[in-house]
Amino acid sequence: MTQVDPRRLIPRTDQLLARPAVQEQRERLGDKAIRATIRDIQEQARRGDLGPDRVPEALEQALAAQATTSLRPVLNATGVVVHTNLGRAPLAAGAVAALITAGGYVDVELDLTTGTRSKRGVALRETLLDACPAAEDALVVNNGAAALVLATTALAAGKEVIISRGELIEIGAGFRLPDLIASTGARLREVGTTNRTHPRDYEAALSPETGCVLKVHQSNFRVEGFTAAASLTDLHTLTTNQQIPLIADLGSGLLEPDPLLPEEPDAAGALTEGADLVIASGDKLLGGPQAGIILGRAELITVLARHPLARAVRADKLTLAALEATVRAGGSPVTAALHADNDRLRSRAQRLAEAVGATVVAHDGRVGGGGAPGVPLPGWAVRLPESTAALLRVGEPAVLPRVHDGACLLDLRCIPEADDDRVLAAVRSALGQP
């Protein structure tokens, strides 16, 4: 009796594509990805690693487990709230819902009543002005650096930007503020020294060649000791007399003061103190998507909005939607993590430690993202062997701990309490516990 080659029993591609469960995945994954997965499963069957009768089931399982992006969700157990390497701010549920809405066709530049084109981001502008009444107008671009480049280009191209030497900072990934400004065609006019700059230094530098005065918050470092700096109030008096724009780059995104971070500037305060324009971030501290928020005098915002560069750095519909939802909510996971109850953090850490036979140690979290450097966020961490860290990072779910003093530290500050059991399962797996 002739024996049938098992490879002839492997389901054909058209048969597999016609299966209802496979059809359901086509919209999510796309035809190209599905066909590639089919070829992979069929090849496993040809090698004998998979029985022909198990091909349909294996295919459906593989498709269901297939992600639509290479980005992996990570549980942030570092205690760093605005973690740049993890995408900074985790969005609130309302902002995520807004992203889903904005994923389709939306009236981002359309007046549905008249059927005519409208201005982009009108609702977000109104929301920002409600949240920061000290501002006359608002403009949102794709990030904070873009906001600074747009402002200095529109107001000072071919002229001088006056700035203290103590504020010529380097931001993330090696980008330096002086280089950003120089790229706009403006000339830097440095005044004062690294540790001391006085109002008279600015006054001596003001001239018909001055395009604007720039005040930059030292958001990612501190200079202590024999120091002096001119306040926005001091500079407002000087610049108003000569009708020169005064720009304050906050480095973060507080729209109003936060008692937890008394030295971190906020947009309302900066405008009240005399800034004509304030540049803030949508993600750092505000807790929304990455964006550059410009608030201030209406006539200056108009100049920026009409500059050709504004088109190149404008925010897309997803950013506009998520930022609007974040500002409307008045809070975010970032806010919750910053103000987490210390006793609750300790009890959560003790529960995890007791379940795996570990200890709890005092641990200071950090704001992160260049915000409030040196400000501790007192809390607690579960102390595990240092070797556990690598296993947690590549586990499922991926957990990012802090490695410090020869130990793996798990700080639950930035992890929603609903995910505590997932962290426990990940730790048990990393430790080889049942």
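Which exposed residues does the face of H2 turned away from its buried side carry? I found Pro-20, Glu-24 and Glu-27 there, with exposed meaning over 50% relative accessible area, buried under 20% and partly exposed in between (1.4 Å probe, protein chains only).

Ground rules before I go on. This is a predicted model, where local features need pLDDT of at least 70, side-chain atom pairs count only at pLDDT 80 or more, and totals for chains, interfaces and linings use all residues. Residues are numbered from 1 along each chain as its sequence is written, and side-chain values use heavy atoms, leaving out hydrogens and water.

**H2**
I take helices as DSSP runs (H or I, at least four residues), numbered from the N terminus. H2 covers residues 20-29, and its buried residues are Val-22, Gln-25 and Leu-29. Seen down the axis of H2, these fall within an arc of 65°, so they line one face of the helix; the arc is that of the directions from the helix axis to the C-beta atoms. I remind myself that an α-helix has 3.6 residues a turn, so residues three or four places apart point the same way. The cover over the buried residues of H2 includes H1 (13-17), H3 and H4. After H2 comes Gly-30, with a positive phi near 90°.

**Leu-50**
I found Leu-50 in the loop between H3 (31-46) and H4 (55-65). Is Leu-50 buried or exposed? Leu-50 has a relative accessible area of 8%, so I log it as buried. Setting aside neighbours within four places in sequence, Leu-50 is in contact (heavy atoms within 4.5 Å) with Ile-41, Gln-44, Ala-45, Val-55 and Ala-58.

**H7 and H12**
H7 (residues 144-156) and H12 (residues 298-306) pack at about 100°, axes 9 Å apart. The axes are lines fitted to C-alpha atoms over the stretch in contact, and angles run from 0 to 180 degrees between N-to-C directions. That makes H7 roughly perpendicular to H12, a label for 65 to 115 degrees; under 35 is roughly parallel, over 145 roughly antiparallel and the rest oblique. Leu-150, Ala-151, Ala-154 and Leu-155 of H7 meet Leu-300, Val-303 and Leu-304 of H12.

**H16 and H18**
The axes of H16 (residues 342-356) and H18 (residues 420-431) come within 10 Å and cross at roughly 30°. I therefore note H16 as roughly parallel to H18. Residues making the contact include Arg-348 and Leu-352 of H16, and Asp-420 and Leu-424 of H18.

Key: Helix = DSSP H or I, 4+ residues; strand = E, 2+ residues; numbered from the N terminus.
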